Amino acid sequence: MVYPVAVENFQVKYVNPLIKPVAKFLPGMSTITHRGRKSGKPYKTVVTAFRKGNTIAIALGHGKTDWVKNVVAAGEADLRFIRKDVHLVNPRILPAGSGADGLPFMARVQASRMAIFVADIA
């Protein structure tokens with residue numbers, strides 16, 4: 001995790017509820033729809049996703065959060081990316097400092113400091 005816990009708590013409590021309704025209009029913001037591992041309840045989480053070809057990359061500045069665990073466990077998710085819905089398959093996590101070749105530029109820049117969530121577009 002790159003961000004301190006206090007920053008994460010502030011973001012979850014105050015920033016995310018403000019951003020979620022307008023995320024589809026903000027450049028770079030995407031909404032990932034996933035199901036809870038135990039409850040099966042659908043969730044929507046705002047993320048900053050980057051695309052290169054049929055690959056989506058999301059930097060994990062907050063570490064391996066619940067949405068990441070849910071998507072990896074399910075093996076799929078839906079992403080609202082630039083006013084278009086895409087279905088993600090084959091989710092995986094590249095550890096910080098690992099090879100980020102073939103990923104979008106902004107994901108490669110961040111890969112040295114934080115883990116990267118990577119999935120393929122079905």
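Modeller: Trp-67 and Phe-117 are both buried, a term that stands for under 20% relative accessible area, with exposed being over 50% and partly exposed in between (1.4 Å probe, protein chains only). The model is a predicted one, in which local features need pLDDT of at least 70 and side-chain atom pairs count only at pLDDT 80 or more, while totals for chains, interfaces and linings use all residues. Residues are numbered from 1 along each chain as its sequence is written, and side-chain values use heavy atoms, leaving out hydrogens and water.

Colleague: How many aromatic pairs are there by the ring rule?

Modeller: The rule takes the rings of Phe, Tyr and Trp (its six-membered ring) and pairs them if their centres lie within 6.5 Å; planes under 30 degrees apart are stacked, over 60 edge-to-face, and the rest tilted. Applied here, the rule gives a count of two.

Colleague: Which residues form the tilted pair, and in which element do they lie?

Modeller: The tilted pair has 5.3 Å from centre to centre and 45 degrees between the planes, and consists of Phe-10 and Tyr-14. Tyr-14 counts as partly exposed because its relative accessibility is 45%. Helices (H or I, at least four residues) and strands (E, at least two) are DSSP runs numbered from the N terminus.

Colleague: What is the geometry of the pair formed by Trp-67 and Phe-117, and how many residues lie between the partners' positions?

Modeller: The ring centres are 5.2 Å apart with 65 degrees between the planes, which makes the pair edge-to-face. Trp-67 belongs to helix H2 (residues 66-74) and Phe-117 to strand E6, so the pair links distant parts of the chain. The partners are 50 residues apart.

Colleague: Which side chain makes a polar contact with that of Arg-80?

Modeller: Arg-80 is in strand E4 (residues 76-81) and is partly exposed, because its relative accessible area is 31%. Contact means heavy atoms within 4.5 Å; beyond four places in sequence, Arg-80 is in contact with Ser-30, Thr-31 and Asp-85. A polar contact is a pair of N or O atoms within 3.5 Å; within protein, one must be able to donate a hydrogen and the other to accept it, and residues adjacent in sequence count only if both atoms are side-chain atoms. At 3.5 Å, the partner is the side chain of Asp-85.

Colleague: Is Thr-31 buried or exposed?

Modeller: Thr-31 is located in strand E1 (residues 29-35). Among the residues it touches beyond four places in sequence are Ala-23, Val-46 and Leu-79. Because its relative accessibility is 13%, Thr-31 counts as buried.

Colleague: What is the radius of gyration of the protein chain?

Modeller: The value is taken over C-alpha atoms, and the globule rule is 2.2 Å times the number of residues to the power 0.38. For 122 residues, a compact globule would have a value near 14 Å, and the chain agrees, with a radius of gyration of 14 Å.
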